Amino acid sequence: MRSATSSLLINMLTIIGLFSPMIAVADPSKSESSDIAARHVHIRSLAASCAACHGTNGNSSGNAAKLAAIDKAYFMAQMQAFKSGARASTVMHRHVKGLNTQEISDLAEYFSLQAPRKSSALPSQKLSRSATN
């Protein structure tokens, strides 16, 4: 059984979900700017998923390629090569498989505009056997 609170929450989210498309197109003059904003958020979300390997804003500090300030044409060519299987990889072909051409182009633009940062490795730390040290 659901609690009254969770039922109320589900009902509210359903109502919001039903009416949000109407709200989004209520003012046609704002529709284009909201589309651009939504696309920007979408691309930033996709780029954030790259951060696990390629670092925040494409500034890798590990073995993965640094994407910050990358040439757009080069980025797009590499992504298409991963997608087609022409370039082998352990995981990239899986990531790019779900992207369309526009998303790849938008990611190329996003990463090309990121400022490259010099990676700084954390200093090594000596571990102690004692929990109090």
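Residues are numbered from 1 along each chain as its sequence is written, and side-chain values use heavy atoms, with hydrogens and water left out. In this predicted model local features need pLDDT of at least 70, side-chain atom pairs count only at pLDDT 80 or more, and totals for chains, interfaces and linings use all residues.

Student: Within what arc do the buried residues of H3 fall?
Tutor: Buried means under 20% relative accessible area, and exposed over 50%, with partly exposed in between (1.4 Å probe, protein chains only). In H3, Phe75, Gln78, Met79, Ala81 and Phe82 are buried. They line one face of the helix, because the arc, taken from the directions from the helix axis to the C-beta atoms, is 160°.

Student: Which residue caps the N-terminal end of H3?
Tutor: A polar contact is a pair of N or O atoms within 3.5 Å; within protein, one must be able to donate a hydrogen and the other to accept it, and residues adjacent in sequence count only if both atoms are side-chain atoms. A side-chain oxygen lies 3.3 Å from the backbone nitrogen of Ala73, and the residue that supplies this oxygen is Asp71.

Student: Is Asp106 buried or exposed?
Tutor: Asp106 is found in helix H5, and its side chain makes a polar contact of 2.8 Å with that of Gln102. Its relative accessibility is 12%, so Asp106 counts as buried.

Student: What kind of pair do the rings of Phe75 and Phe111 form?
Tutor: Rings of Phe, Tyr and Trp (its six-membered ring) pair if their centres lie within 6.5 Å; planes under 30 degrees apart count as stacked, over 60 as edge-to-face and the rest as tilted. The search of the whole structure finds two aromatic pairs. For Phe75 and Phe111 the centres are 5.9 Å apart and the planes at 45°, so the pair is tilted.

How values were computed. Helices (H or I, at least four residues) and strands (E, at least two) are DSSP runs, numbered from the N terminus.
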